[in-house]
Amino acid sequence: MAINMKSVRIFTFIKYLFFGTTAFIIDFLSLYICVSVIGIKAWLGAVIAFAISTIYAYLTQMRYTFSHKMKNVAPVIKYAFLLFVNICFTAVIVQLFATFFGLYMVGKIFATVCVTLWNFPIMKYYVFPRNIQ
């Protein structure tokens with residue numbers, strides 16, 4: 001039984017990384033388009049790109065990674081708060097990298113690694129917890 005639970009945890013983490021990676025691709029491309037093609041400020045491009053990819057990430061993580069059935073709005077509120085923290089952090093980091101190094105995309109990668117590391121346990125145990133009966 002312990003091996004089975006370990007396999008389930010590993011598979012959940014793999015799904016988290018898969019959907020997180022595809023969300024990052026959406027985020028990264030959206031940021032590039034906003035800043036390099038359209039020409040808006042890096043911090044605003046980071047916010048817009050993050051918002052676009054977050055809709056995708058929320059739906060896929062809720063449904064496929066954590067198999068959460070929406071019974072009330074609590075997960076949405078929890079996710080919205082987490083999103084707010086993540087957007088603020090990402091916007092600040094992207095703008096700092098843009099201002100000091102001219103490398104807003106490197107800042108995006110750095111911010112994404114940080115957000116990814118703290119989001120998994122928060123989403124697993126707080127946003128989409130499983131009810132153990």
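The model is predicted: local features need pLDDT of at least 70, side-chain atom pairs count only at pLDDT 80 or more, and totals for chains, interfaces and linings use all residues. Residues are numbered from 1 along each chain as its sequence is written, and side-chain values use heavy atoms, with hydrogens and water left out. The secondary structure consists of four helices and zero strands, where helices (H or I, at least four residues) and strands (E, at least two) are DSSP runs numbered from the N terminus.

**Overall architecture**

- Along the sequence, the chain follows the pattern α-α-α-α.
- Its C-alpha atoms fill a box of roughly 50 × 30 × 20 Å, taken along the principal axes.
- Of the 133 residues, 37% count as buried; buried means under 20% relative accessible area, exposed means over 50%, and partly exposed lies in between (1.4 Å probe, protein chains only).
- Among contacts (heavy atoms within 4.5 Å) between residues at least 6 apart in sequence, 70% join residues at least 24 apart.
- The chain exposes about 8400 Å², of which carbon and sulfur atoms supply 76%; accessible areas come from the Shrake-Rupley method with a 1.4 Å probe, and for residues only the protein chains shown count as cover.

**The charged pair D27 and K108**

- A search of the whole structure finds one salt bridge, a term for a side-chain nitrogen of Lys or Arg within 4 Å of a carboxyl oxygen of Asp or Glu.
- K108 forms a salt bridge with D27, and the closest N and O atoms are 2.6 Å apart.
- Because K108 lies in helix α4 (residues 104–127) and D27 in helix α1, the pair ties together parts that are 81 residues apart in sequence.
- Helix α1, which holds D27, covers residues 2–38.
- D27 counts as buried because its relative accessibility is 4%, and K108 counts as buried at 1%.
- Leaving aside residues up to four places away in sequence, D27 touches A49, F50, S53 and K108.

**Aromatic pairs**

- A pair of aromatic rings is described by the distance of the centres and the angle of the planes.
- The structure holds 12 aromatic pairs; rings of Phe, Tyr and Trp (its six-membered ring) pair if their centres lie within 6.5 Å, and planes under 30 degrees apart count as stacked, over 60 as edge-to-face and the rest as tilted.
- One of them joins F19 and Y64, whose ring centres are 5.7 Å apart and whose planes meet at 25°, so the pair is stacked.
- This pair links distant parts of the chain, with F19 in helix α1 and Y64 in helix α2 (residues 42–65), 45 residues apart.
- F19 counts as buried at 13% relative accessibility, whereas Y64 counts as partly exposed at 45%.
- Y58 and F128 form a tilted pair, with 5.7 Å from centre to centre and 45° between the planes.
- Y58 lies in helix α2 and F128 in the segment after α4, so this pair ties together parts that are 70 residues apart in sequence.
- Y58 is buried at 11% relative accessibility, and F128 is buried with a relative accessible area of 1%.

**Other ring contacts**

- F13, Y16 and F120 form one aromatic cluster.
- The charged end of K78 sits over the ring of Y126, 4.6 Å from its centre; the criterion is that NZ of Lys or CZ of Arg is within 6 Å of the ring centre and within 35 degrees of the ring normal.
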